[in-house]
Amino acid sequence: MSIRDAFRLMNTQPTITGIASPFTETQLSSIVLGDIFENVEFPLTRAEAMRVPAVAQARNLLAPTIGRQPLKVLDKRGLLTNQPAWTYRTDQDLISVQWMLTMVVDDLIFYGRALLGVKRGSDGFPLSIERIGPDRFTITDGVVLVDEKPVDARSVIYIPGLVDPLLDVGSQKIREAADIERGVAVKAAIPNPSIVFKQKDESAPLDQEEVQTLMEDTARNRRSRNGTITFLPPGLDMEVLGGQETDFSLQARNAVRIDIGSYVGIPSSLMNATTVQASLTYENKSGERDRFYVEALPMYTAPIEARLSLDDVVPQGQRVRFDLSELYAQLPTPTGAPTED
């Protein structure tokens, strides 16, 4: 039996005709434009970034932590006895202030800016506010456009961020992280070392189609339950190249976590990343948490507090702050700080 005959015996899988459209309803949401148009780099999207575990963790450490803290208005004497209604409730059904603030922080993280719509009372100060998503607004020549239409400046509250948006400064690192995750997925699907086939019988060389079929059938077999067993027809030889590079995957993922945390000010230990000094004591971990409170959170709380403290939101002499007392407390109350409803 020649090498061609032996090879054809391996290729007994049924042929599947037709190509499924990538634009089916179930697949459309997961398509990345860069996968369709090769060698064309599109702007990084939030959806792409959030598929990277390190990005999701950084976002989830910051946005919900800040969003669930109450907003309070103060003057020179301290907390106002009667807090404005917009600090603790919205006029939108099923939308809480906590969710709205969480998404405002989300906008600052990824886009470096946020926009609030405002309904004002007869005194000119807000009665209620609502978040306007970043996909709905643009700023052209200093004019705010919502749904592509210019709006009255007093009907919105624009909040600029203090740091560059993660989708800009972190785009290369996030795409690198996505490549690492894809590499890990490939290793998981084909956990055996890389292999090279060599043809020893030169009397019946395989054509390009047969070579391609051999590689595809081998890759399919390696993903199966018995993927560690391979049959070689006469005239073929196989060389195994290296073993599983688990250390590289772990180190690469670890480095990505440290880098993503650096963009948003989160210490590496809170990103579940290890440094050279991997054995942190309890005191060191407590110190990392304190750094998170002092360094990371203000990067996103400060622009919100500063903008809401301007005279078009609260009267002169008043200021807006997040009430972080429960967050910083050594023993927070089980039900949290009392708030209006």
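Mentor: Leaving out residues up to four places away in sequence, Leu74 touches Leu79, Leu80, Gly317, Gln318, Arg319 and Arg321; contact means heavy atoms within 4.5 Å. This is a predicted model, where local features need pLDDT of at least 70, side-chain atom pairs count only at pLDDT 80 or more, and totals for chains, interfaces and linings use all residues. Residues are numbered from 1 along each chain as its sequence is written, and side-chain values use heavy atoms, without hydrogens and water.

Trainee: How far apart are Leu74 and Arg321 in sequence and in space?

Mentor: They are 247 residues apart in sequence and 7.7 Å apart in space, C-alpha to C-alpha.

Trainee: Why does Leu74 count as buried?

Mentor: Buried means under 20% relative accessible area (1.4 Å probe, protein chains only). Leu74 has 16% relative accessibility, so Leu74 counts as buried. Of the 341 residues of the protein, 36% count as buried.

Trainee: Why are H4 and H5 called oblique to each other?

Mentor: The axes of H4 (residues 53–67) and H5 (residues 97–111) cross at roughly 135 degrees and come within 8 Å. Angles under 35 degrees count as roughly parallel, over 145 as roughly antiparallel, 65 to 115 as roughly perpendicular, and the rest as oblique. H4 and H5 are therefore oblique.

Trainee: What is the make-up of the contact of H4 with H5, by class?

Mentor: The contact has 10 nonpolar, three polar and two charged residues. Ala, Val, Leu, Ile, Met, Phe, Trp, Tyr, Cys and Pro count as nonpolar, Asp, Glu, Lys and Arg as charged, and the others, Gly among them, as polar.

Methods
Axes are lines fitted to C-alpha atoms, for helices over the stretch in contact, and angles run from 0 to 180 degrees between N-to-C directions. Helices (H or I, at least four residues) and strands (E, at least two) are DSSP runs, numbered from the N terminus. Buried means under 20% relative accessible area, exposed over 50%, partly exposed in between (1.4 Å probe, protein chains only).
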